[in-house]
Amino acid sequence: MKFEAALMNVSTSWYKLASYTFEEESGILSKVYLHLGDFITIYEEDHEESYAVIKGIFRHKSNNDKYYAFIVVDWFEDTGAEHSVLKCPLYRLQATGNKWRRIFPITVIDNFQKVHFIHNCNSERCQLPNHDTTNRIWIKNNFYFTAV
């Protein structure tokens, strides 16, 4: 959106999910559904593809009286290692306060690609449905696919 401004207006609304339709380069309309906790792929100029988890979805009313939707993400950082049994890459979830940009317009996800991560449960503190939050290592599931 290339706005150089801060979110000064207090008119924000937070959501658990969002859906929108976008037109692909081929002219086909695609519907995207985003939920809190979804894993997403974001293509950045500096990196080929980057992975993140959606931590927040909100709508902001700008000074021009238009509403804009944003997502808040936590990034995954490639550790360069792989799981010893699954042979899938290991990623570290960013720590709070990291300098990476975390708020994006929802339109950054114009090419929604499903990616799947599994928490690398390696301690007795990881018991479903609660994971050990001090363990920030996740496994990128390269075997995940969508059946056609």
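Let's start at one residue. Asparagine 141 is buried, because its relative accessible area is 17% and buried means under 20%, with exposed over 50% and partly exposed in between, for a 1.4 Å probe and protein chains only.

One caution before we go on. This is a predicted model, in which local features need pLDDT of at least 70, side-chain atom pairs count only at pLDDT 80 or more, and totals for chains, interfaces and linings use all residues. Residues are numbered from 1 along each chain as its sequence is written, and side-chain values use heavy atoms, leaving out hydrogens and water.

Back to asparagine 141. It sits in the segment after β10, which spans 137–140. What does asparagine 141 contact, leaving aside its neighbours within four places in sequence? His116, Phe117 and Ile118; contact here means heavy atoms within 4.5 Å.

Now the overall plan. The protein has 10 strands and 0 helices. Both are DSSP runs numbered from the N terminus: helices are H or I with at least four residues, strands are E with at least two. Along the sequence the pattern reads β-β-β-β-β-β-β-β-β-β. Of the 148 residues, 34% count as buried. Take the contacts with a separation of 6 or more: 49% of them join residues 24 or more positions apart.

Step back into strand β10. Isoleucine 137 is placed there. Again leaving aside neighbours within four places, isoleucine 137 touches Thr79, Leu90, Tyr91, Arg92, His119 and Asn120. Isoleucine 137 and phenylalanine 76 are 61 residues apart along the chain, and their C-alpha atoms are separated by 9.0 Å.

Where is alanine 95? In the loop between β7 (89–93) and β8 (103–105). Alanine 95 counts as partly exposed, because its relative accessibility is 41%.

Aspartate 65 is not a glycine, yet its phi is positive, at about 65°. It lies in the loop between β5 and β6. Is aspartate 65 buried or exposed? Exposed, because its relative accessible area is 56%. Lysine 87 is not a glycine either, and its phi is also positive, at about 60°. Its place is the loop between β6 and β7.

Next, the cysteines. Cysteine 88 is buried, because its relative accessibility is 2%. Cysteine 121 is partly exposed, because its relative accessibility is 40%. How many disulfides does a search of the whole structure find? The search finds 0 disulfides, a disulfide being a pair of cysteine sulfur atoms within 2.5 Å.

Of its 16 lining residues, Lys55, Leu93, His119, Thr133 and Trp138 are the closest to its centre. Two elements give two or more residues to that lining: β5 (50–61) and β6 (67–82). A pocket, on a 1 Å grid over the protein atoms alone, is an open set of points where a 1.4 Å probe fits, with protein on both sides within 12 Å along at least five of seven lines; lining residues have an atom within 4 Å of a point.

One link to take away. His119 is among the residues closest to the centre of that pocket, and His119 is also in contact with isoleucine 137.
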